[in-house]
Amino acid sequence: MVKIRFKNKEEDAKGFCELAKRIKLICLPNDVYEISEKSLRILDDLKIEYKILEREGFDYVCSKIRNPVASQV
């Protein structure tokens, strides 16, 4: 899993729409999205610019989602 942010608002709108049509993505505050690393190819193929903020393992992401303290936020 990777956290990404698009280069600008125009890329954000286009990138979000294209990803939402094809995959499940997690929307985080401040225009940050969490997607599978494999899904980056969609953005690359469409030439949508993004910046990788963080790379995380799938198990780590699952444990964050299942954490009951996090679900109260």
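Colleague: Which residue in strand 4 stands opposite Phe-6?

Modeller: This is a predicted model, and in it strand 1 covers residues 2–6, while strand 4 covers residues 50–55. The two strands pair in the antiparallel sense over five bridges. The residue in strand 4 that stands opposite Phe-6 is Tyr-50.

Colleague: In what order do the four strands lie in the open sheet?

Modeller: Strand 1 pairs with strand 4 over five bridges, and strand 1 also pairs with strand 3 over three bridges. Strand 2 pairs with strand 3, again in the antiparallel sense. The edge strands, each pairing on one side only, are strand 2 and strand 4. The order is therefore 2-3-1-4.

Colleague: Which strands does helix 1 touch as it packs on the sheet?

Modeller: Helix 1 consists of residues 9–22, and its direction makes about 135 degrees with that of strand 1. The strands that it touches are strand 1, strand 2 and strand 3.

Colleague: What is the bridge partner of Val-2 in strand 3?

Modeller: Strand 1 and strand 3 are paired in the antiparallel sense. Strand 3 covers residues 32–35, and within strand 3 the bridge partner of Val-2 is Ile-35.

Colleague: Are the residues on the two faces of strand 3 buried or exposed?

Modeller: Val-32 and Glu-34 lie on one side of strand 3, with Tyr-33 and Ile-35 on the other. A residue counts as buried when its relative accessible area is under 20%. Both faces are covered, and the four residues Val-32, Glu-34, Tyr-33 and Ile-35 are all buried.

Colleague: Which elements each supply at least two residues of the largest nonpolar core?

Modeller: The largest nonpolar core has twelve residues, among them Val-2, Ile-4, Phe-6, Tyr-33, Ile-35, Leu-40, Ile-42 and Leu-43.

Colleague: Which residue takes a positive phi in the hairpin of strand 2 and strand 3?

Modeller: The hairpin has three residues between its strands. Opposite Val-32 of strand 3 stands Leu-28. The residue with a positive phi, near 65 degrees, is Asn-30.

Colleague: Why does Asn-30 count as exposed?

Modeller: Asn-30 is found in the loop between strand 2 and strand 3. The label "exposed" requires a relative accessible area over 50%. Asn-30 counts as exposed because its relative accessibility is 62%.

Colleague: What is the relative accessible area of Lys-47?

Modeller: Lys-47 has its place in the loop between helix 2 and strand 4. Its phi is near 60 degrees, a positive value in a residue other than glycine. Lys-47 is exposed, and its relative accessible area is 70%.

Colleague: Which element has the lowest mean pLDDT?

Modeller: The protein averages a pLDDT of 86, and 77% of the residues score at least 70. Where pLDDT is low, the predicted coordinates should not be read in detail. Helix 2 has the highest mean among the elements, 96, whereas the lowest mean, 57, belongs to helix 4.

Technical notes:
Residues numbered from 1 in each chain as written. Predicted model: local features only at pLDDT ≥ 70, side-chain atom pairs only at ≥ 80, totals over all residues. Heavy atoms only, no water. Core = buried A, V, L, I, M, F, W, Y, C linked by side-chain atoms within 4.5 Å. Buried < 20%, exposed > 50% of the residue type's maximum accessible area, 1.4 Å probe, protein only. Contact = heavy atoms within 4.5 Å. Axes fitted to C-alpha atoms, helices over the stretch in contact; angles between N-to-C directions. pLDDT = per-residue confidence, 0-100.
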